[in-house]
Structures are given as C-alpha cells and as structure tokens.
Amino acid sequence: MEYDITIVGAGIHGAGVAQAAAAAGYKTLVIEQYKQPGLGTSSRSSKLIHGGLRYLETAQIGLVWECLNERHRLLKNAPHLVKLVPFYIPVYKQTRRGPFTIMLGLMLYSVLGGKGFNKIPRSKWNQLDGLKTDGLKAVFQYWDAQTDDRLLTETVLKSAVQLGADVELGCQFRHAMTESGTCVIDYEKDGQTRTIKSRVLINASGPWINSTLNKIKPSPRKLEIDLIQGTHILVSGSQKQGVYYLEAPQDQRAVLIMPWYGEILIGTTEIEYQGDPEDVAPTETEIDYLLGVYQLYFSQAVDRSHIKSSFAGLRVLKRDGESIFHRSRETTLHVDKKNSPMVLSIYGGKLSSYRATGEKVIKKLAKLLPKRTAIANTRILELPNLKS
Ligand SMILES: Cc1cc2nc3c(=O)[nH]c(=O)nc-3n(C[C@H](O)[C@H](O)[C@H](O)COP(=O)(O)OP(=O)(O)OC[C@H]3O[C@@H](n4cnc5c(N)ncnc54)[C@H](O)[C@@H]3O)c2cc1C
C-alpha cells in the first residue's frame, strides 16, 4: 500500500494533521498504538480551548492570538463539543498579581480576541460556589471555552476518516527507512508486521516523540526536551458558576478548579518526569498540593475520600535554559532534512491550536507531495457529532 502521508499517533495532533491532509486530498494513514484515539496526553489535559491568559506574561502573543482564533472557529464548527464558560479570577491580599495587573492582562486578552471581562460586585461574591472571601480584594470574570479532549480527538479523527483517511488502531510503529526517497514503514498489528510506503512520515507521538525518531533510519536529529508532568484530580461535589483561576500560595502557580461532568476537576501541577511516558501517574505530593489549594480557597470540605479519579499527562517542552514556567508553549515543526523533508515531528503544542498546526504541517510539505485536489476546508468544516 502506498500513502502520501503516514502519521504516527492518534492524539489531537495526529488527528488534526490527518484531517488537514485528507481535506487537502492526500492519501493518508494514521497508526496508533492504543485501541482508541486520544488515550495519551490528549485525554489528560485541562480540557480548555483557550488563548492561555497566563502566556501573556511571557509575551507569547502570537500563541495566544492563534489559540483565540481557533477557539472562535471551534465554537462555530463544533458547538456540541466546545462551549464558552465563565472564568473567575479572585484576587486576594496575598495574590502575587494585583487587580491592576490582572485588569491589564484581561484588556490585552480581549483585544487579541477574548470576549470581554467584568468585575464581580462584592454583593454577588456569595454566589461563587463557596469561594472564601477573607482577604478577597476583587473578582474578575472573563470567557474561555471547555471541551472533552478525548472526545474532541476522536471526533477530529472521525472527520479525517469521513474525508478518506485510513486509521489503524492497536498498532505499534516499529521502524522506518527513509533512504530511497520513499519512507518504508513497518508497524505491528495483532503480532504481525505490516509494511507500507509513504512519501512522508509525520511523527505526532507526543511524549514518545524522540523514541519514535530513534526507530527511523537514517537517524534524524532530535531536539532536546523535558517532559513535564501535570496532574488533575476529580473530586465529588458540584461547581455551578464556571472555572476558577487560582494561585497556589507555595509557588504562585495557576491552579484551575472547574466543573467536569457534574464533579469538580482540580489541576494542574508541573514537575519534571524522567520515566517511560506509558507509566506517568499522579504522585501523592501532587494530590496533596491540589487538595490543599482547593481547601485554601473554598469552604466545602474536600479530602482524599472525595477523590473519584485522577490522571497525569506530559507536556513536551523544548530545553532552552529557561525555567519551566518561562519556556515557550509554541508548537515546533521539526524536519529531518530542510529542503526535502521526509520526516516531520510535532514537538509540544496545544489542544486548542490543533487545526492550525495541521494546516501548517500540510503547507510545509505541499510542494514535496504529489498534486491532489482539495475536498474540504478545515477552517469552515463542521465536526461530526459522535453522540447523535
Ligand atoms: C497537564 C496538561 C494540561 C494541558 N491542558 C491543556 C489545555 O487545557 N488546553 C490546551 O489547549 N492544551 C493543553 N495541554 C496541551 C495538550 O494537551 C497537548 O499539547 C496535546 O494533547 C498533545 O497532543 P499530541 O497528539 O501531540 O500527543 P498525545 O495526545 O500524547 O498523542 C500521541 C499519540 O502517539 C501514540 N504513539 C506514541 N508512540 C507510538 C508508536 N510507536 N506507535 C503508535 N502510536 C504511538 C500514543 O499512543 C498517543 O496516542 C495540556 C497538556 C498537559 C500535559
């Protein structure tokens, strides 16, 4: 079998590239090791389709602008999956960023494509899900969007299939040779090795990215990365108003507390991870940290007995000498050969910008691929509703 584009990984990036490739008319194959799409990082995120207000602090304006644009498109093209929700930022006496700084950030966010913001009057603070008001100076409210990340990934992949892409689930990518101007790719399914040919190979394997590159001959250059673990816990209880954007007092990191299918989702932490991505799991310290932040800000008593589940995912951050917080969250498209790439790897990135990333990947490779006729435009293509 001969493909134009073969993609390793059916996380959001693999699904997004498959959708963009199939929409552009290319013969596309996705290989995924798990039996369902999205079971890697793309089901362990904070589930936000957002510009990332906090990235303004590190001047990642392009990223925020792109993600807000994509949020706008997803609200139109997938209203069943991506919904605007109110976000609240309570500012306490001890909060590192004061009301004026928060207001400036929200003004810039609005200019870049946010949907405005306001200050919640003191008389309405008692409607904020039991938020503690001791030392509270102001509460700001703005808008961002929430999704079900695993379902979004499955839906984007389904859209790719509707456009003609082939998907092989439960398959291990084993090996590729790129010497002959064609990628000869071996993958394993049901204990048997299958071999296909493809003009290009897209490495969308998330935290497995460099181990995928290790399986390619001649060996492409790899970027140095750190894997950063982020943990969420799901606790019983209800949160009616929306998402709370809080600051952990011990390290001033943002912690989000949000409604999730009738329960409360609390996350996330950031710690360096060294092991196999397969084995990533919440640590006891992270669970205590998240429970502690919730308890500090909300009057409802929550302890370990309220935890219904927990999960951890891995961010791929390029190593650049900066602290984790200051490192770029931009997506890097890294090719094996500058002029005639055969392998393109997607390092890092955001759930929110998956469609734009897919589009960029195809644009980067278009002149190397055979001429095909586009059959859809992902900017306006509605995503299917898998639940109907
Ligand atoms: C804690 C956390 C919170 C986040 N929150 C947000 C958020 O709220 N909003 C946002 O926009 N972004 C968020 N992100 C970022 C976003 O989740 C990720 O950028 C995105 O999910 C990465 O998707 P991916 O497709 O690159 O990787 P993955 O989802 O990990 O997919 C890689 C896939 O490759 C497969 N694979 C690997 N090796 C092989 C092989 N040899 N053979 C076959 N298949 C293979 C894996 O099984 C996996 O399915 C968050 C990230 C983290 C870690």
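The model is predicted: local features need pLDDT of at least 70, side-chain atom pairs count only at pLDDT 80 or more, and totals for chains, interfaces and linings use all residues. Residue numbers start from 1 along each chain as its sequence is written.

**Domains**

The chain splits into domain 1 (2–42 + 150–224 + 329–368), domain 2 (50–147) and domain 3 (225–318). These bounds come from an automatic or database domain assignment. Between domain 1 and domain 3, the C-alpha centres are 30 Å apart. Eleven residues of domain 1 and eight residues of domain 3 form the contact. Here, two residues are in contact if their C-beta atoms, placed from the backbone, lie within 7 Å. The side of domain 1 that touches domain 3 has five nonpolar, five polar and one charged residues. In this scheme Ala, Val, Leu, Ile, Met, Phe, Trp, Tyr, Cys and Pro count as nonpolar, Asp, Glu, Lys and Arg as charged, and the others, Gly among them, as polar.

**Ligand shell**

The ligand is surrounded by 37 residues, and the closest are Gly9, Gly11, Gly40, Gly206 and Gly230. A residue belongs here if its C-beta atom, placed from the backbone, lies within 6 Å of the molecule. Helices (H or I, at least four residues) and strands (E, at least two) are DSSP runs, numbered from the N terminus. By class, the shell has 14 nonpolar, 19 polar and four charged residues. Domain 1 and domain 3 both give residues to the shell, so the ligand lies between them.

Two packed helices are described by the angle between their axes and the distance between the axes. Axes are lines fitted to C-alpha atoms, for helices over the stretch in contact, and angles run from 0 to 180 degrees between N-to-C directions.

| Pair | Axes come within | Crossing angle |
|---|---|---|
| Helix 1 and helix 4 (residues 149–162) | 8 Å | roughly 25° |
| Helix 1 and helix 7 (residues 354–365) | 8 Å | roughly 55° |

Helix 1 is therefore roughly parallel to helix 4. Angles under 35 degrees count as roughly parallel, over 145 as roughly antiparallel, 65 to 115 as roughly perpendicular and the rest as oblique. Helix 1 and helix 4 cross in a left-handed way. A crossing is left-handed if the near helix is turned anticlockwise from the far one by less than a right angle, and right-handed if clockwise. On the helix 1 side, the contact includes Ile12, Ala15 and Ala22; helix 4 brings residues including Leu152, Val156 and Ala160. This contact has eight nonpolar, four polar and no charged residues.

With helix 7, the angle makes helix 1 oblique. The crossing of helix 1 with helix 7 is right-handed. Among the residues that meet are His13, Val17 and Ala21 of helix 1 and Tyr354, Arg355 and Glu359 of helix 7. That contact has seven nonpolar, five polar and two charged residues.

**Backbone features**

Most residues other than glycine have a negative phi, and most peptide bonds are trans. Lys217 and Pro218 are joined by a cis peptide bond, with omega about -10°. Pro218 sits in the loop between strand 11 (216–217) and strand 12 (225–235). Gly267 and Thr268 are also linked by a cis peptide bond, with omega about 10°. Thr268 is in the loop between strand 15 (263–267) and strand 16 (271–273). Lys47, not a glycine, has a positive phi of about 65°. Lys47 falls in the loop between strand 2 (28–31) and strand 3 (48–49).
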